[in-house]
Amino acid sequence: MSLFILIIDDEPHLPHQIARYLGRHGYEVETVAEGEAGLRVIQQCSVDLVLLDLRLPGLSGLEVLKRIKASEPELPVIMLTAYGDVRSAVEAMKLGASDYLLKGFDLEELLLVVQRALETSAMYRELRQLRRERSDNYHFNYIVGHSERMRQVFEMVARVARSDTASVLITGESGTGKEVVAHAIHEQSPRASGPFQPLNCAAIAHNLLESELFGYEPYAFTDARKQKRGLLELADGGTLFLDEIGEMPLDMQAKLLRVLETRSFFRLGGSKEVKINVRVIAATNRDLQKAMAEGIFRRDLFYRLAVMQINLPPLRERPGDILLFASRFVEDFNKSLGRSVRRISPEAQRLLLAYSWPGNVRELKNVIERAMILSNGDEIQPIHLPQEIVGYSEGRRSGACDPWEEWLTSHPAQPLPLERIVERVEQHFIRQALCEAGHNRTRAAELLGMSKVDQLRYLMRKHGIE
């Protein structure tokens, strides 16, 4: 499909000369003599580039440019100007024009400028699309859930992303997706065009952590042959993600605190202060309150990091999300492994739902990947799941882990009124249904065989269940 170029110029011959020349090079071209007419064409048609004269009858070229940028900010505009209007052309560039040409230009020069502007515009469109896809990938594919707690996480991520300077502390068990949430915050924030630099504080030897963060000057230590920029500097304009912050030694905690307070630091062996504009997102699976009580984590650093705090619930506390994650992982591994698995069998689903997932989402991802490698067909079946998942379910079926059966067997000789027993049974199964449905009341009502969610609400109020 040929690209559409609009020429807005009131000269009698030049626009038509340009149109013929660009037409011979495969472009579709239309010419108009007034700014208002040009704005109507832009409103009605899909225009790829505008050649705009600075001097026009009626609306000036600068006014037309302002209106174009107000309605179509990404549309490239090249200004055509006489020699005496160079100052106005510079003003046009400040208003968003892609380039300008002095009249008397060679048509080959015009073609090069047009091609460059179109290529740059296409590159920016592609980059923006990739960022949107990457942001959507983190936000929608990997941060999922129907439960009230996950809805609160979604809301907090969106709120935190808008405030792009405050530090963030993400807490949760290993494998709950803390780095994914950090990525999502970065990608939805005004810092999305900047770098995202991750550092796992537990994976770096304590004596190397300082040079990784701050960088160093030549000869700062024996092996320092040349200057190295640290992650704080590399993250300038973007986000530094410090995973497992609870493992950071106390002396480094003090240095990090100073960076957060002053937004500056010195490279190792350096005397020049380096200023930075970095947002710090930290994460931990440790109980930092306990670590502070034990004196191994600084209180002042905790309060500086936890300006905004997000806690990720473990997967066992939101069983309604297990199959959501599983289906997303099936889609991903179909692409990366070249497979065409279409479903997880009902029995395999039951096993996944019954398991406690101590490794959380990371463990579930590994289980689905393993199952898809072992599966030869288009369905994941129980035989493709690890023995600990199958065995866990069999153990629960024996009744040892079922809290209701445990309660019944613990009161074998204690007489209870039938009404009290029915009440206990109702409470148990309502709570179980809500848990399995991720506290989605409509879904819980379906699991309990109720035709209306109002029935469930009535019973919840009756038994004081929130």
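Residues are numbered from 1 along each chain as its sequence is written, and side-chain values use heavy atoms, with hydrogens and water left out. Because this is a predicted model, local features need pLDDT of at least 70 and side-chain atom pairs count only at pLDDT 80 or more, while totals for chains, interfaces and linings use all residues.

Let's start with the sheet. Five strands make an open, parallel sheet, ordered E7-E10-E13-E6-E14. Strands (E, at least two residues) and helices (H or I, at least four) are DSSP runs numbered from the N terminus, and two strands pair if DSSP finds at least two bridges between them. E7 (196–200) and E14 (308–311) are the edge strands; each has a single partner strand, so one side of each is left without a neighbour in the sheet.

Now look at E6 (residues 168–171) and E13 (residues 279–284): they run parallel and are joined by four bridges. Val-168, for instance, has Ile-281 in E13 as its bridge partner.

On to the helices. H6 (residues 148–162) packs on the sheet and touches E6, E13 and E14, contact meaning heavy atoms within 4.5 Å.

And what does H6 meet in H7? Val-157, Val-160 and Ala-161 of H6 meet Val-181, Ala-184 and Ile-185 of H7. The residues of that contact are six nonpolar, no polar and no charged; Ala, Val, Leu, Ile, Met, Phe, Trp, Tyr, Cys and Pro count as nonpolar, Asp, Glu, Lys and Arg as charged, and the others, Gly among them, as polar.

Methods. Axes are lines fitted to C-alpha atoms, for helices over the stretch in contact, and angles run from 0 to 180 degrees between N-to-C directions.
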